[in-house]
Every structure is written in C-alpha cells, then in structure tokens.
Amino acid sequence: MPVKLKHRIDPQTTNPLIWILATICAIIAIAVIISGIAIVVSYLVIHPRIPFISVAYAHLDAFEYDAYGFLQTALTIVIRAENGNRNAHATFYDLDFVLSLHGYGIVELQTHPFDVRRNDSLDLPFNFRANPIPLDRLHREYVDLELKRSEMSFVLKGGGRARWKVGQLGSVKFWCELDCELKFHWPNGTYFGHRCTSKAR
C-alpha cells in the first residue's frame, strides 16, 4: 500500500528587519506631521505682519544730456526694509534692483544680507552716478519729450527674499518685489508719484 507523505507547510514569516524599517518610517512620518502642525500653530499664534520693502526717499541729483545723445545721471534712492513682526527678527537677502530709463538699464543696485530687528525698519541708502550712456534716436525722443514737460521718469524693478523663524522649529520665507515708476520734477529733482512698495495694497 503506497504511503502518502504529508509535508507540513509553515506560514511565511516576515523578516524582522522589515518590521524595524517599517517602525522607523512610521516614527519619522509622525514626527514630520507633528512638526508641521507645530509650525502652523506657532504661525497662527504669532500672527506676524509680512516683511516688505519700499522706496522711502528718492532724488534726481543730476541729469546731463548733451547734443550728441550722451546721458549721465546721478540719483539718491533710499530703500526701506520693514519688519512688523513683534516676536522675531527678519533677515533680508538676495536683494537686487535695476534702474532703467525707458527700458534702457542704467545701474544695478545690490546689497549684502542684513537683519532687521523685531518691529523695526532699516534704511538702505544708494547714492550713485551712472557712467555716460549713448542713447539711440528713439530714447533721445523720449528724453526730449519729458524735458519739455519738466519731468523725468525711471523704472525701478527687482527685489529679494525675507525670512523669519517660527519658534525653534523652522522659518517662513517671503518674496519682496518692486516694480515701480519713479517720477521726478526737473530741474529741482524732487520725487513725486505713487508710493513704491512691495506691500500688498
């Protein structure tokens, strides 16, 4: 009589290493979720005012334009960085601006990273005299037209980043961008027009 052999089949067991890795991943995921919730709660509790930049002062110091179409300008521009957060310092960095005349770049303004204390502001003065630039016929016509109206306009465009820490858990970053027309009376060089600011209106 043939004998039937029965093989005992053990249930497949999971490698202990897999359980350890799964536990570690679960702990990391929970930690990330808790950190995110803590940052959001801290933000809502602090409820800060977003840092911003603006043109606090501007003056057209010189505007020399000869019969050959060469233009040389000198300006004073004061950019103010404001931090309305009463609970944290703000750091402004990567600030870069270009001043142009009817699309013709005149000068680039840059500054190193800097801090603004809580609920405070800092003025950044830029005093510069641009190198003489030759204007083409179209730009000369623009300049002649504005001189007849006793005014001169430039465009200031650029910006950078600002950040402040939310407690000890992380930081929040903001863009600060300017795109403004700076108008000056000429020949007295006084600045007039709309306020130039990155703050939402």
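**Figure 1. The disulfide of the predicted model.** The link joins Cys180 to Cys196, with a separation of 2.1 Å from S to S. Cys180 belongs to strand E9, whereas Cys196 is found in the segment after E10, so the pair ties together parts that are 16 residues apart in sequence. The angle about the S-S bond is 85 degrees, and the link of Cys180 and Cys196 is right-handed. Both Cys180 and Cys196 are buried.

**Figure 2. Two further cysteines, Cys25 and Cys176.** Is Cys25 buried or exposed? Cys25 has a relative accessible area of 51% and is exposed because this value is over the cut-off of 50%. Cys176, by contrast, has a relative accessible area of 0%. Cys176 is therefore buried, since buried residues are those under 20%.

**Figure 3. The largest nonpolar core.** In soluble globular proteins, nonpolar side chains tend to be buried together. In the present model, the largest nonpolar core has 43 residues. Ile77, Phe92, Leu99 and Phe154 are the residues with the most contacts inside this core. At least two core residues are supplied by each of the strands E1 (52-65), E2 (70-83), E3, E4 (104-110), E5 (114-116), E6 (120-129), E8 (151-166) and E9. Which strand gives the largest share of this core? That strand is E9, from which 7 residues come.

**Figure 4. The surroundings of Phe92.** Phe92 is among the core residues with the most contacts inside the core. Residues up to four places away in sequence are not counted in the following list of its neighbours. Phe92 touches Pro51, Phe52 and Ile53, as well as Ala81 and Glu82. Further along the chain, Phe92 also touches Pro113, Phe114 and Val116, together with Arg161, Ala162 and Cys176.

**Figure 5. The hairpin of strands E3 and E4.** Strands E3 and E4 pair in the antiparallel sense over 6 bridges. Within this pairing, Leu99 stands opposite Val107 in E4. How many residues lie between the two strands of the hairpin? There are 2 residues between E3 and E4, and His102 in the turn has a positive phi of about 50 degrees. Ser100 lies in strand E3, which spans residues 90-101. With a relative accessible area of 13%, Ser100 is buried, because the value is under 20%. Not counting residues up to four places away in sequence, Ser100 touches Gly105, Ile106, Phe154 and Val155.

**Figure 6. Glu146 and its contact with His102.** Glu146 is placed in helix H2, residues 137-148. The relative accessible area of Glu146 is 4%, so this residue is buried. The side chain of Glu146 makes a polar contact with the side chain of His102 at 3.2 Å. His102 is the residue of the turn between E3 and E4 that has a positive phi. Besides His102, Glu146 touches Glu151, Met152 and Ser153, when residues up to four places away in sequence are left out.

**Figure 7. Asn188 in its loop.** Asn188 is located in the loop between strand E9 (170-185) and strand E10 (191-192). Its relative accessible area of 46% makes Asn188 partly exposed. The side chain of Asn188 makes a polar contact with the side chain of Thr190 at 3.2 Å. Asn188 and Ala62 are 126 residues apart along the chain, and their C-alpha atoms are separated by 9.4 Å.

Terms used. Residues numbered from 1 in each chain as written. Predicted model: local features only at pLDDT ≥ 70, side-chain atom pairs only at ≥ 80, totals over all residues. Heavy atoms only, no water. Helix = DSSP H or I, 4+ residues; strand = E, 2+ residues; numbered from the N terminus. Buried < 20%, exposed > 50% of the residue type's maximum accessible area, 1.4 Å probe, protein only. Polar contact = N/O pair within 3.5 Å; in protein donor to acceptor, adjacent residues only side chain to side chain. Contact = heavy atoms within 4.5 Å. Disulfide = S-S within 2.5 Å. Core = buried A, V, L, I, M, F, W, Y, C linked by side-chain atoms within 4.5 Å. Pairing = 2+ DSSP bridges.
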